[in-house]
Amino acid sequence: MRLAIVLAAVPVALILHLESDSIAPLIIVTVLTAITALMPGSAGAALLIGYAAVAMAFADGHPLRLGVLLMIPALHLIHVTAALAAVVPVKTRIEPAALKAPARRFAIVQAISFAVAGIAAFVPSGPNIGLVELLGLGALTVVIAVVALRI
Amino acid sequence: MSRADKIRDAFARSHGAHWHPTDAYSRAVWLGVGLVVGGLFLHQVEMVLFGVPLVLSVLLTSKPTGTPTVSVRPVPRGAGAGVVHTVAHVDGADAEIAVIKLPGGPAAVPAHSPDLPVEIRRDAWGPGVDLRLDHLFAGPDGMHVYGPIVGTEHVRTILPPVEHHPSGPLPPRPAGLVGIHRSPRAGDSTELRDIRAFQPGDRLKRIDWRVTTRTGTVHVRERHAEADAEIVLAVDTRTDVGANVADWASPYYGATTRPGGSLDRAVRRAASMAAGYLRQGDRVALMDLSRPQLNVRSGVGRRHLMRIRTQLVVCVQAAGWASRVALRKLPHGSVVVLLSPFLDDEIAELAVQTRKHGHVVLAINTLPLPLRPDPEAPWGEVAAEMIAAEHRLRLKRMSRHGVAVTPEC
């Protein structure tokens with residue numbers, strides 16, 4: 001499971017390296033990946049996902065470029081594999097059937113996420129988008145309320 | 001509530017037998033919501049898209065309820081050494097993944113999988129833990145866990161094995177009622193035991209007139225007692241040494257006794273001899289030379305064999321050095337089987353004294369021979385040779401005083 005974390009982090013490191021002029025993102029992602037793989041229950045995974053998301057958001061390019069679309073499942077995969085690795089000791093024999101439900105849920109979440117990305121592609125951008133912002137804030141309020149109720 | 005109590009309470013809530021959220025849950029909630037909110041306020045669509053899967057993973061899962069359990073089909077406690085099979089039943093309740101620490105290594109299985117086969121290896125006799133299935137249940141995406149739970153210990157005691165030795169040709173007898181070996185002490189039966197010179201206290205009716213007239217001195221006829229032989233198995237549990245002298249001072253971990261060591265050999269031999277004598281109908285007692293409170297009185301039958309084997313395990317558990325050795329309350333005229341490595345003079349002296357008191361003594365040497373000297377010590381070979389020479393002298397001395405000695409176990 002720890003190997004899966006590393007494999008999921010490889011595309012993240014490559015995308016950030018290709019989008020950056022320096023080697024710093026590659027080093028940061030490598031260090032955070034090593035921390036996550038060694039201590040899956042630590043804050044390493046959160047830092048890795050957070051850093052990659054912020055770095056991609058403030059990089060140049062179209063918001064829905066290929067790197068972003070590849071990064072969405074990769075970061076989610078890092079989250080899921082780190083979560084499972086935190087509850088499974090090292091050298092545990094994992095039956096493939098045990099991963100069937102998480103894999104199915106991963107596919108559903110990704111389908112919804114790409115649907116959201118598809119909607120985002122059609123949302124107009126520019127200075128006169130007050131209605132869209134209002135709708136976005138309304139949706140955000142609903143999401144926060146639902147998450148708060150689940151907590 | 002003080003701050004220390006709050007920390008302790010928080011720590012207790014994050015462990016143990018109840019469902020509690022993991023770091024992954026906190027990550028999904030705070031990082032997911034943070035990315036979505038941050039993306040909306042900063043007008044960064046990418047951040048929103050990266051945060052959406054994390055928020056969705058929280059929304060699509062729910063906190064499991066119920067009490068998942070792992071139970072094991074009981075394993076026979078008295079079964080001998082070897083491989084024993086059983087099954088673990090996993091009742092996952094609302095859990096998704098069960099992580100169970102099996103004897104072959106931990107395994108992650110679906111929480112609603114069929115019974116898991118469990119193989120238990122029992123390599124050595126003695127008390128021990130067969131199985132302890134520590135486990136943990138994880139909810140969807142590992143966001144909630146139940147445990148880790150320390151499993152119930154399934155303990156067992158493997159009795160020392162019995163090797164069946166072939167007995168010689170025996171006369172017919174009512175099996176189960178009468179032993180094959182007669183008690184060596186004198187008594188009032190009709191069978192002649194000895195003809196000896198008259199001693200003060202002898203009954204006049206026992207005088208053998210024919211021998212008396214032939215020899216000119218008064219002789220009496222001595223008869224056997226109406227009793228079976230009493231065998232006393234005396235085990236020296238003070239030391240447990242192997243052939244390697246370098247290991248004598250270090251404890252052995254992993255088994256009750258050192259495999260192939262003096263105590264292991266003594267216990268195996270005692271169990272086998274007890275089985276052999278009891279099968280022939282003789283009365284057998286067990287004595288721990290250094291802990292008389294662990295002695296077993298003489299008896300007969302299969303249940304007595306179980307009692308002796310069980311008590312041998314108890315004796316080994318209590319084994320350790322004692323300054324004194326003693327054979328207390330020996331039945332008159334009994335056959336004493338002394339199982340010891342004979343590493344000190346006191347045990348040899350005890351054997352000689354017991355012989356002098358009129359008992360038949362069989363000394364069985366349990367010291368593994370030849371001794372292997374300590375290769376790292378400069379005087380290792382000399383020390384091993386000295387120990388072996390003293391040991392040989394001790395056995396010779398006992399043999400000279402009428403003790404039957406078997407140099408090899």
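Reader: How many helices and strands are there in chain A?

Author: Helices (H or I, at least four residues) and strands (E, at least two) are DSSP runs, numbered from the N terminus. On that basis chain A has six helices and one strand, in the sequence pattern α-α-α-α-β-α-α. The model is predicted: local features need pLDDT of at least 70, side-chain atom pairs count only at pLDDT 80 or more, and totals for chains, interfaces and linings use all residues. Residues are numbered from 1 along each chain as its sequence is written, while chains are lettered from A and ligands numbered from 1 in the order in which they are written.

Reader: What does the secondary structure of chain B come to?

Author: Chain B holds eight helices and 18 strands.

Reader: How is burial to be read, and what percentage of each chain counts as buried?

Author: A residue is buried if 20 or more other C-beta atoms lie within 10 Å of its own, exposed if 12 or fewer, and partly exposed in between, with C-beta atoms placed from the backbone. In chain A, 33% of the 151 residues count as buried; in chain B, 37% of the 409 residues do.

Reader: Which residues and elements form the contact between the chains?

Author: Chain A contributes 50 residues and chain B 44 residues. On the side of chain B that touches chain A, at least two residues each come from helix 2 (23-42), helix 3 (45-59), strand 4 (97-102), strand 5 (105-110) and strand 8 (135-138) of chain B. Helix 3 of chain B has the largest share of that side, 13 residues. By class, the side of chain B that touches chain A has 33 nonpolar, six polar and five charged residues; Ala, Val, Leu, Ile, Met, Phe, Trp, Tyr, Cys and Pro count as nonpolar, Asp, Glu, Lys and Arg as charged, and the others, Gly among them, as polar.

Reader: Which strands pair across the two chains?

Author: Two strands pair if DSSP finds at least two bridges between them. Strand 1 (residues 93-94) of chain A and strand 5 of chain B run parallel and are joined by two bridges. Within strand 5 of chain B, Ala107(B) is the bridge partner of Arg93(A).

Reader: Which residues touch the most other members of the largest nonpolar core?

Author: A nonpolar core is a set of buried Ala, Val, Leu, Ile, Met, Phe, Trp, Tyr and Cys residues joined through C-beta atoms within 7 Å. In the largest, of 77 residues, Val12(A), Ala52(A), Met71(A), Leu75(A) and Ile78(A) touch the most other members. Helix 4 (residues 66-87) of chain A gives the most to this core, 14 residues. Leaving out residues up to four places away in sequence, Met71(A) touches Val12(A), Ile15(A), Ala52(A), Met56(A) and Phe50(B). A second, separate core has 49 residues, including Ala270(B), Ala274(B), Tyr277(B) and Met398(B).

Reader: What is the strand order of the open sheet in chain B?

Author: The six strands follow the order 15-14-13-16-17-18, with mixed pairing. At the edges, strand 15 (296-299) and strand 18 (404-406) of chain B each pair on one side only. Strand 13 (residues 230-235) of chain B runs parallel to strand 16 (residues 335-340) of chain B, with five bridges, and pairs in the parallel sense with strand 14 of chain B over six bridges. Ala234(B) stands opposite Leu338(B) in strand 16 of chain B and opposite Met287(B) in strand 14 of chain B.

Reader: Which way do the residues of strand 14 of chain B point?

Author: Arg283(B), Ala285(B) and Met287(B) point one way, and Val284(B), Leu286(B) and Asp288(B) the other way; all are buried.

Reader: Why does Ala348(B) count as buried?

Author: Ala348(B), found in helix 7 of chain B, is buried because 24 other C-beta atoms lie within 10 Å. Apart from neighbours within four places in sequence, Ala348(B) is in contact with Phe342(B), Arg394(B), Arg397(B) and Met398(B). The C-alpha atoms of Ala348(B) and Arg397(B) are separated by 8.1 Å, although these residues are 49 apart along the chain.

How values were computed:
Contact = placed C-beta atoms within 7 Å.
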